[in-house]
Amino acid sequence: MTKHSTGPIELHFLGDQESIEIARETVEKVLMSYRSTQLNDDLMYKVTGHDVASVLQLVNSDVKYLREIFMSRTLKQKQFNDLFYFIPFALHKISNVEKLIKMDVDMRLMSDIRRLWEEFDKFTPEVIFALALEQQSTYYRQFAKYRALWNDTVVGAPPPNGRPGYNGGLYLMNLENMRKSTLYKAAIQEQFLRKLIRKYYFTTPHLGDQDVMTLLSMEYQNLFLTLPCTWNRQQCRVFTRINFVSIILFQQYARFMSKTVVLNLWLADPWGSANVVLGVYELSPK
């Protein structure tokens, strides 16, 4: 990101104190390196850390039920059961910023992040989230029963005509729209989410905030904007090693025609260790 960015950027880290300090030191070292080589000598950063334990004290009641609903019940898929992954749905209560970009630490930016920030110009007043589509058949089986009951639905089906769900590695959030949206406030309530779980037979959640986003989008697409896949090119190929997914089906989801500008580097077993720090990017006026 530092290689391509222009203008000032406010960078927020959410994690434990040790991870925040590591992130802060890393950003400073990279920034000094680029300034010393004059590759990007006008680069300006403001780094803010948010201790996850303190944040959870403020929003525990807003996110605890989300974990209870969307937590994985299988031993190998408990990575995203931590409350950490559900904090984004309460960020509007702990931050006074209007807009931000949430990005996992395993993302590699290959273009100026301001180009991504310009996607906010496409938001209508009702849109809260913008994400790229999931590029694996992650939700193909999740929604299989629903598709079997409703033959004309494309829920969980591959693009270009299907609705494969969203990938949570990177997304834009308009927190001001979130604060004002009566629809979002109703849709994120526990009773309604449990109703959606039953309606779509979404019985095996295991990807934290990504599952919440995907399920909400199936019911309320108007809360979402779909980013070009350019902004989140996913490299994971785990589903090619699962016997119920054919290579042909996988390729339908992974089809990619645009030049990559954000690369998701998550190549390992997705049920391995969790990311410790989550980066949130807020761009200051240039």
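**Figure 1. Salt bridge between Lys-199 and Glu-219 in the predicted model.** The side chains of Lys-199 and Glu-219 form a salt bridge, with an N to O distance of 2.9 Å. Lys-199 belongs to helix 8 and Glu-219 to helix 9, so the pair ties together parts 20 residues apart in sequence. A salt bridge is a side-chain nitrogen of Lys or Arg within 4 Å of a carboxyl oxygen of Asp or Glu. Helices (H or I, at least four residues) and strands (E, at least two) are DSSP runs, numbered from the N terminus. Lys-199 is partly exposed, at a relative accessible area of 36%, and Glu-219 is likewise partly exposed, at 27%. For relative accessible area, buried means under 20%, exposed over 50%, and partly exposed in between (1.4 Å probe, protein chains only). This is a predicted model, in which local features need pLDDT of at least 70, side-chain atom pairs count only at pLDDT 80 or more, and totals for chains, interfaces and linings use all residues. Residues are numbered from 1 along each chain as its sequence is written, and side-chain values use heavy atoms, with hydrogens and water left out.

**Figure 2. Salt-bridge network of Lys-102, Asp-104 and Asp-209.** Salt bridges link these three residues in a network. The side chain of Lys-102 meets that of Asp-104 at 2.7 Å, N to O, and that of Asp-209 at 3.9 Å, N to O. The pair of Lys-102 in strand 3 (residues 99–104) and Asp-209 in helix 9 links distant parts of the chain, 107 residues apart. Lys-102 and Asp-209 are both buried, Lys-102 having 2% relative accessibility. Asp-104 is also buried, with a relative accessible area of 19%. The structure holds nine salt bridges.

Figure 3. In helix 8 (residues 190–199), the buried residues are Phe-192, Leu-193, Leu-196 and Ile-197. Seen down the helix axis, these residues fall within an arc of 145°, so they line one face of helix 8. The arc is that of the directions from the helix axis to the C-beta atoms. An α-helix has 3.6 residues a turn, so residues three or four places apart point the same way. Exposed residues on the other side of helix 8 are Gln-191, Lys-195 and Arg-198. The cover over the buried residues includes helix 2 (52–70), helix 7 (182–187) and helix 9 (209–219). Tyr-201, which follows helix 8, has a positive phi, near 55°.

Figure 4. Arg-233 is located in strand 8 (residues 233–234). Although buried, Arg-233 has no salt bridge, and Glu-134, the nearest side chain of opposite charge, is 9.8 Å away. For charge, Lys and Arg count as positive and Asp and Glu as negative, while His and the chain ends are not counted. The side chains of Arg-233 and Gln-135 make a polar contact at 2.8 Å. A polar contact is a pair of N or O atoms within 3.5 Å; within protein, one must be able to donate a hydrogen and the other to accept it, and residues adjacent in sequence count only if both atoms are side-chain atoms.

**Figure 5. The protein chain as a whole.** The protein chain has 10 helices and 10 strands. Of its 286 residues, 53% count as buried. Contacts (heavy atoms within 4.5 Å) between residues 24 or more positions apart make up 82% of those with a separation of 6 or more.
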